[in-house]
Each structure stands twice: as structure tokens, then as C-alpha cells.
Amino acid sequence: MQCEVQSGSLLDAAADLAVLLHTEDEPLPTPVTDLCEAGDATGRWNQQTLLYPRGTLPARRLLLIGIGKRSAITADTVRQAAALAAQRAQELKVTTYHLGYNGNLPLAPAVFGQAFAEGSVLGSYRYVRYKSDREEPPSLNAILQAGADAEVAAAGVQRGHIIARATAFARDLANGPGNEVTPAFLGQTALEMGERLGLKVMVLDKPQLIEQGFGGILAVGQGSANEPRFIVMEHGAAGNGPTICLVGKGITFDTGGISIKPAEKMDEMKMDMSGAAAVFGAMQAVAELQVPLHVVGIVCAAENMPSGAAYRPGDIIRTLSGKTVEVLNTDAEGRIVLADGLYYAQRYQPAAIVDLATLTGAIMVALGPHAAGLMGNNQELANRLIAAGEATAERVWQLPLWEEYRDAMKSEIADLKNTGGRYGGAITAAVFLAAFVGDYPWAHLDIAGTAWVEKPVRTYQSRGATGIGVRLLVEWLQGYVGAQG
Ligand code: BES
Ligand code: MN
Ligand code: ZN
């Protein structure tokens with residue numbers, strides 16, 4: 001998918017397909033009103049009307065897409081409408097289409113352009129890598145007709161294109177099956193990204209993890225033939241802007257281990273590295289956007305398998321931090337690998353640590369598929385993430401980390417235990433993580449409910465991985481740059 005901007009008007013474009021976004025409260029331009037029965041195209045959200053102008057306009061086809069009331073339009077309205085346009089273009093098998101807005105843009109042109117590119121790229125995304133009989137879809141070319149705003153819109157389109165491709169990259173990783181996307185595969189992916197994007201990359205393999213004491217990652221990974229990896233990717237350098245650490249849970253398949261999960265839907269646990277995928281996607285985007293920050297992407301990669309070598313309930317393990325953990329349930333593995341990654345992050349003396357993890361079923365019970373859970377130790381950081389969530393429609397909702405919750409994770413015989421019972425499960429998981437971040441500003445995003453959709457919630461999603469977190473992180477990091485002045 002290529003996205004461009006042109007300055008002319010949509011109705012003058014000699015296009016195979018012209019897509020006009022129109023609202024409920026603004027009149028359609030006259031040549032269009034003559035083409036459809038009065039009152040048919042109301043502008044109601046997601047109403048689609050395909051017209052054949054037959055010479056009355058330069059375009060061969062005209063698609064009207066209703067986007068609701070002008071006052072209610074947000075970036076996500078444009079993102080979703082652009083996705084609908086891309087999908088319709090694919091169905092109609094056109095390779096180039098033009099999209100325009102009926103009247104003055106309802107948003108800042110750069111915001112509109114960014115949302116247009118994001119919606120177009122993500123709306124046409126499908127995971128078809130393993131379909132032998134698929135027709136190679138023609139490469140689509142989406143042109144935004146932005147009139148006098150073309151120049152400013154173009155900057156947004158370029159940003160949106162980079163961010164959306166990074167999101168698609170994260171989706172590819174999370175959609176990838178456990179037999180392909182192993183910890184070693186993630187390590188290899190990081191090394192390739194290093195070459196491609198000029199990131200500094202370090203990948204530790206099992207002997208190196210043993211030597212350096214990564215007891216958490218090693219314990220979780222010890223049951224699998226696919227050995228664990230610890231991955232660090234660096235964009236920029238210390239002293240060159242503040243340091244931000246992004247830490248991703250990279251369980252490439254979560255069977256539950258000896259505390260094994262039921263068979264039903266276990267296949268979906270190939271997405272248990274969605275936090276890691278978000279870190280990979282965000283690293284690609286910050287490198288391509290040349291964000292002036294020192295961003296460190298940390299991935300804790302392991303496969304959680306039952307076997308004769310697997311860790312067991314009752315085991316006591318010593319994490320990288322030196323803190324000991326009593327394992328009560330081997331299915332609460334994410335927090336154990338993150339313990340090592342979060343502790344490691346402290347060595348950068350970061351201005352902020354943000355971790356992303358498909359950590360608990362409890363967050364799905366609490367928030368469903370419409371928001372990620374947010375917990376942390378710094379309200380300013382939390383507020384910034386909440387704002388970035390609103391701006392990107394990757395919403396986050398904060399849950400408390402009150403002191404009273406801490407008791408739940410205390411062990412009689414070790415420093416911590418790895419489960420705190422069913423009640424408040426998303427919070428007690430975060431309480432566990434908090435023990436490994438020291439006093440650094442930290443936020444935890446539990447994306448278990450938002451990383452995967454059986455049925456798309458938004459038009460620019462497709463069945464499977466959502467790539468959640470990439471757009472949110474990039475928005476937050478760009479705001480961070482702004483706040484530095
Ligand atoms: N990866 C799962 C959480 C999950 C569940 C992600 C469903 C996506 C969809 C995690 O490792 C897990 O198994 N958590 C347990 C923790 C419990 C044993 C304390 C859970 O939530 O049941
Ligand atoms: Mn688990
Ligand atoms: Zn898991």
C-alpha cells in the first residue's frame with residue numbers, strides 16, 4: 001500500500017475510484033446530488049453508496065462513505081473510513097483510488113493525513129503468509145486529495161505510513177505461529193532490524209543467560225526445546241535526550257507449562273508475545289521517524305512448555321535482581337520473565353519504563369476488548385499514556401496499585417510468590433512487577449484483552465493480532481519529545 005497526497009479536488013480527479021467522505025450535516029456537492037436519489041446518501045456513519053457517474057464526473061466510480069456528524073469526527077473516524085475505502089478498493093480490484101473530504105477538513109490537516117495513511121495501510125492488512133492458493137493482491141495506491149492543505153497533510157501521511165507499517169510488522173510477528181516465531185526467531189528479527197535501521201542490538205542465548213543470572217527467563221524457558229533469548233535494541237544513545245525503556249513480554253507460545261491450560265483456544269497463545277511485538281514495532285517506528293530520544297527496547301523471549309525439564313509448581317527461583325520467587329502456578333509465567341527484563345532496565349537509569357504484556361485473563365474480565373489495563377508508580381507518566389491512548393484510540397484504563405494489594409504476593413518461604421489468587425488478578429500481577437523496577441517511573445500495560453480480535457472491533461483491524469501498543473507508544477514518545485521543549 002502506497003499513500004500519496006495531491007492538491008486538487010476529488011471531483012476533478014480522473015480516477016478508477018473516487019471516495020468521498022461526507023458528514024450528516026454538510027450538503028453534498030451539486031454534481032454528486034444529481035447522481036443519487038435525494039435523501040439516499042445521508043452521511044450516517046459507515047453508510048456506503050457506490051455510484052457510476054458515466055461521464056458526469058471524470059471518475060469512473062464514486063463511493064460515498066458516511067462519517068456521521070461533523071462535530072463528532074475524530075482521527076479514529078478518518079482512520080476507520082480510510083480502512084473501509086481500502087477494503088472496497090480491494091474488492092473492486094482497482095489499484096489506485098483517490099479519497100477526499102466534502103468541504104473544509106474537520107481536523108488539523110496533518111492529523112487527518114496521518115489517520116488516512118494509518119487506516120489505509122492497516123485496513124488492507126491480512127495475514128495470508130501461509131495461504132498457498134492466495135492470489136497475490138495488487139499493490140494499492142491511495143491518494144488523498146487535500147486541496148490547499150496538501151503540503152501539511154503530506155507530512156502527516158508520511159508519519160502515518162511509517163507508524164502503520166510498524167503496526168503491521170507487529171501484527172505479522174504476533175500472528176506468526178509458535179513453530180515459526182520462536183525465541184531464536186525473535187533474536188534473529190532483532191539482529192535484522194539492527195542492520196536495517198541502524199539500531200544497536202544485543203541478543204543473549206541460553207549459555208549467556210546462565211552466565212549472567214537471568215533466573216526468571218531461564219526457569220520459564222527450561223521446559224522447551226526452543227531455548228530462551230534476552231533481546232536489547234537501542235535507538236539513539238544515552239545523553240542524547242532522555243532514556244526510555246520499553247519492555248515486552250515475549251512468550252512465543254504459552255501452554256501454561258505444568259499448570260497446563262485447557263485445549264480450547266490454546267492455539268491463540270501464539271500471540272503471547274504481543275507485548276514483544278509492540279516493542280519491535282515501536283523500535284522500527286522511532287528509528288524511521290528519527291525520534292530524538294534514547295529508546296531501549298527490551299524483549300524477554302521464552303516458550304512456556306511442559307516437559308521433563310520444565311519448571312514446576314513449588315520451585316523457588318532466583319531472578320536477575322537476586323529476589324527469589326516461589327512458583328505456585330507455572331501459567332503465571334509472564335511476570336517471571338518480565339522480572340528479569342524490568343530489573344535489567346534499571347541499569348539505564350531511565351526517565352521512564354513502560355512494559356507491555358498479555359499478562360492476565362483477569363484484565364479481559366475487567367475491561368473486555370476495549371481498553372488495555374494501565375498500572376504504575378507515577379501518575380504523570382500514567383496521564384501521558386492515557387492521553388496517548390485517547391489520541392490513537394488504543395485506549396488504556398488505569399487500575400489502582402494501592403499498598404493493600406501488596407500482601408497478596410508475599411510468600412512465606414521466598415521474597416515473592418507468582419500468583420495472588422483470582423480476585424484483582426490483573427492488579428496483583430502488577431504488584432509483582434513493581435518489585436523489580438526500583439524507584440524509576442514505570443507503567444505497565446496489560447494488553448491481554450486487546451492484542452487479539454476474533455471479530456474486528458474497528459474497521460482497520462482484521463481477525464487475529466491487532467498490533468496494539470505500537471501507535472500508542474509512538475504517540476506517547478512523540479509527546480515526550482514535545483514536553484522536553
Ligand atoms: N498469557 C496468559 C494471559 C492471557 C490469557 C493472555 C488470555 C491472553 C489471553 C498468562 O500467561 C496467564 O496464563 N495468566 C494466568 C495467570 C494466573 C495463573 C495467575 C491467568 O490470567 O489465568
Ligand atoms: Mn500463562
Ligand atoms: Zn502468558
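Helices (H or I, at least four residues) and strands (E, at least two) are DSSP runs, numbered from the N terminus. The structure is a predicted model, in which local features need pLDDT of at least 70 and side-chain atom pairs count only at pLDDT 80 or more, while totals for chains, interfaces and linings use all residues. Side-chain values use heavy atoms, with hydrogens and water left out.

Ligand 1 is surrounded by 18 residues, a residue being near a molecule if one of its heavy atoms lies within 4 Å of it. The closest are Lys261, Asp272, Asp331, Glu333 and Gly361. Strand S9 (243-254) and helix H10 (361-367) each contribute at least two residues to this shell.

Polar contacts were taken as pairs of N or O atoms within 3.5 Å. In the side chain of Lys261, an N or O atom is 2.8 Å from an oxygen atom of ligand 1. A nitrogen atom of ligand 1 is 2.8 Å from an N or O atom in the side chain of Asp272, and a backbone N or O atom of Thr358 lies 3.3 Å from a nitrogen atom of the ligand. Of the 520 Å² of accessible area (Shrake-Rupley method, 1.4 Å probe) that ligand 1 has on its own, the protein covers 79%.

The domain assignment, automatic or from a database, gives domain 1 (2-166) and domain 2 (176-484). Their centres, taken over C-alpha atoms, are separated by 36 Å. Contact (heavy atoms within 4.5 Å) links 21 residues of domain 1 with 19 residues of domain 2.

Note on methods. Residues numbered from 1 in each chain as written. Chains lettered and ligands numbered in written order. Polar contact = N/O pair within 3.5 Å; in protein donor to acceptor, adjacent residues only side chain to side chain.
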